[in-house]
Amino acid sequence: MAEDFAALKTEIRACTVCEPDLPRGARPIIRGAATSRILVVGQAPGVLAHESATPFNDPSGRRLRAWMGVSDAEFYDEARVAIAPMGFCYPGQDARGGDRPPRPECAPLWQARVRAALPALELTVLVGAHAQRFHLGRRARRTLTETVLHWRECWPEFIALPHPSWRNNAWLKRNPWFEADVLPALHSRVRSILERAE
């Protein structure tokens, strides 16, 4: 029997395991419901998400929604889309001004339980290398580019994406196949899933 997702969300939101190492304290961010058919697994909330308790509440989120072909309302409809990053709390900034990696304690504690509590799950969107290495295991390639390039190997259960940050604009220019080949397939699958979930 699947674990109750609502109870699991409550448990995750009360987690303080990493609090001593978090510059702004623990504020775990997770969304979804047992009926969610799409799971988005990113890296960790940014500072705007931490402050608003809304994941992907920034330009990266707008680009991700465009990649998926969904509106804000669809993306934040917990009955259809769950959002469970590799680290549920904002990890702080690194020396270069970017966000630190997700805390290593978080994913082993929660990711398997989240997936197990989503019995209607049809597609997991893996945003960035941290999510891809954890969820794909040996199917993840040596680099993010190689993993994304070979996206069909984990399709249709998973889709591997680069991070939608502006920092990856150069990557997108170097890899035009991503927008030409991957995004149309992602759009089509997401639309099919959401239309059946209405």
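This is a predicted model: local features need pLDDT of at least 70, side-chain atom pairs count only at pLDDT 80 or more; totals for chains, interfaces and linings use all residues.
Let's start at helix 1, which spans residues 5-13 and buries F5, L8, K9 and I12. These residues sit on the same side of helix 1, because they cover an arc of only 105° around its axis. Their packing partner is helix 5 (106-116).

The UniProt record, in an unreviewed entry, lists residues 29-187 as "domain: Uracil-DNA glycosylase-like". That span is 39% helix and 10% strand, and its end C-alpha atoms are 25 Å apart.

Next come the strands. Strand 3 (residues 123-127) runs parallel to strand 4, paired over 4 bridges, and L126 has A160 of strand 4 as its bridge partner. In a regular strand, side chains alternate between the two faces of the sheet. Strand 4 (residues 158-161) is covered on both faces: F158 and A160 are buried on one side, I159 and L161 on the other.

The model has 16 salt bridges, including these:

| Salt bridge | N to O distance |
|---|---|
| D72 and R65 | 2.8 Å |
| R196 and E122 | 2.9 Å |
| R142 and E146 | 3.2 Å |

R196 belongs to helix 9 (residues 177-197) and E122 to the loop between helix 5 and strand 3, so this pair links distant parts of the chain, 74 residues apart. R65 is buried at 5% relative accessibility, whereas D72 is partly exposed at 47%. R142 is exposed at 71%, while E146 is partly exposed at 25%. Salt bridges with shared partners also join E3, E11 and R113 into one network.

Note on methods: Residues are numbered from 1 along each chain as its sequence is written. Side-chain values use heavy atoms; hydrogens and water are left out. Buried means under 20% relative accessible area, exposed over 50%, partly exposed in between (1.4 Å probe, protein chains only). Helices (H or I, at least four residues) and strands (E, at least two) are DSSP runs, numbered from the N terminus. The arc is that of the directions from the helix axis to the C-beta atoms. Contact means heavy atoms within 4.5 Å. UniProt positions are given in the numbering used here, feature names are shortened, and annotations may be inferred rather than shown by experiment. Two strands pair if DSSP finds at least two bridges between them. A salt bridge is a side-chain nitrogen of Lys or Arg within 4 Å of a carboxyl oxygen of Asp or Glu.
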